[in-house]
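Subject: Structure for you to look at

Hello,

Here is the structure I promised to pass on. Please open it alongside this note and follow the residues as you read.

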Amino acid sequence: MVSAMKVSDLPEGSISAVDLKGTHILLANLGGEVSAVSGTCTHEETDLGLGFVLENRVICPLHLSQFDLKTGQVMNPPATVPLQRFNVKIQGETIFVEV
Ligand code: FES
């Protein structure tokens, strides 16, 4: 598990991209539940940290594929490959991710 960021820096409804051990990861806080998926779109390697949150999904800023932030599942083309999902643990004020 690698320390990623403070819980207080990830307000409810927000996303934030971090680089951990050379992996670009997207953290999300959905209704107080923190999740982590790959932060790179599986279509053309766009940074999903620049995307938009809609309910429990992130929308890629380039071609608008949507991914479920909890499962990584891809919801619509042009992307067809889901995002990798990472385990998360909260300890005290810190979010840890299993990379
Ligand atoms: S780069 Fe994300 S949908 Fe094309």
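Which residue in β3 does Leu20 stand opposite? Leu20 faces Thr23 there. Before going further, please keep in mind that this is a predicted model.

Leu20 belongs to β2, which covers residues 15–20. Its partner β3 covers residues 23–30. The two strands pair in the antiparallel sense, over six bridges. Two residues lie between the strands of this hairpin. Lys21 takes a positive phi there, near 50°.

**The sheet with β1, β10 and β9**

This is an open sheet of three strands, in the order β1-β10-β9. The pairing is antiparallel. β1 (2–6) and β9 (88–91) are the edge strands, and each pairs on one side only. From one strand to the next, the twist averages 30°. β10 takes in residues 94–97 and is joined to β9 by four bridges. Look for Ile90, which stands opposite Ile95 in β10.

**The sheet with β5, β6 and β7**

Here, too, three strands form an open sheet, with the order β5-β6-β7 and antiparallel pairing. The twist averages 30° from one strand to the next. β6 spans residues 57–59 and pairs with β7 over three bridges, in the antiparallel sense. Ile59 stands opposite Gln66 in β7.

**The nonpolar core**

In soluble globular proteins, nonpolar side chains tend to be buried together. The largest nonpolar core in this model has 23 residues. Ile25, Leu26, Leu27, Ala36, Val37 and Val97 touch the most other members. At least two residues of this core come from each of β2, β3, β4 (33–38) and β10. β3 gives the most, with four residues.

What is Leu26 in contact with, leaving aside its neighbours within four places in sequence? The list is Ile15, Ala17, Ala36, Val37, Ser38, Gly39, Leu48, Gly49 and Val58.

Best wishes

Methods:
Residues are numbered from 1 along each chain as its sequence is written. This is a predicted model: local features need pLDDT of at least 70, side-chain atom pairs count only at pLDDT 80 or more; totals for chains, interfaces and linings use all residues. Two strands pair if DSSP finds at least two bridges between them. Axes are lines fitted to C-alpha atoms, for helices over the stretch in contact, and angles run from 0 to 180 degrees between N-to-C directions. A nonpolar core is a set of buried Ala, Val, Leu, Ile, Met, Phe, Trp, Tyr and Cys residues joined through C-beta atoms within 7 Å. A residue is buried if 20 or more other C-beta atoms lie within 10 Å of its own, exposed if 12 or fewer, and partly exposed in between; C-beta atoms are placed from the backbone. Two residues are in contact if their C-beta atoms, placed from the backbone, lie within 7 Å.
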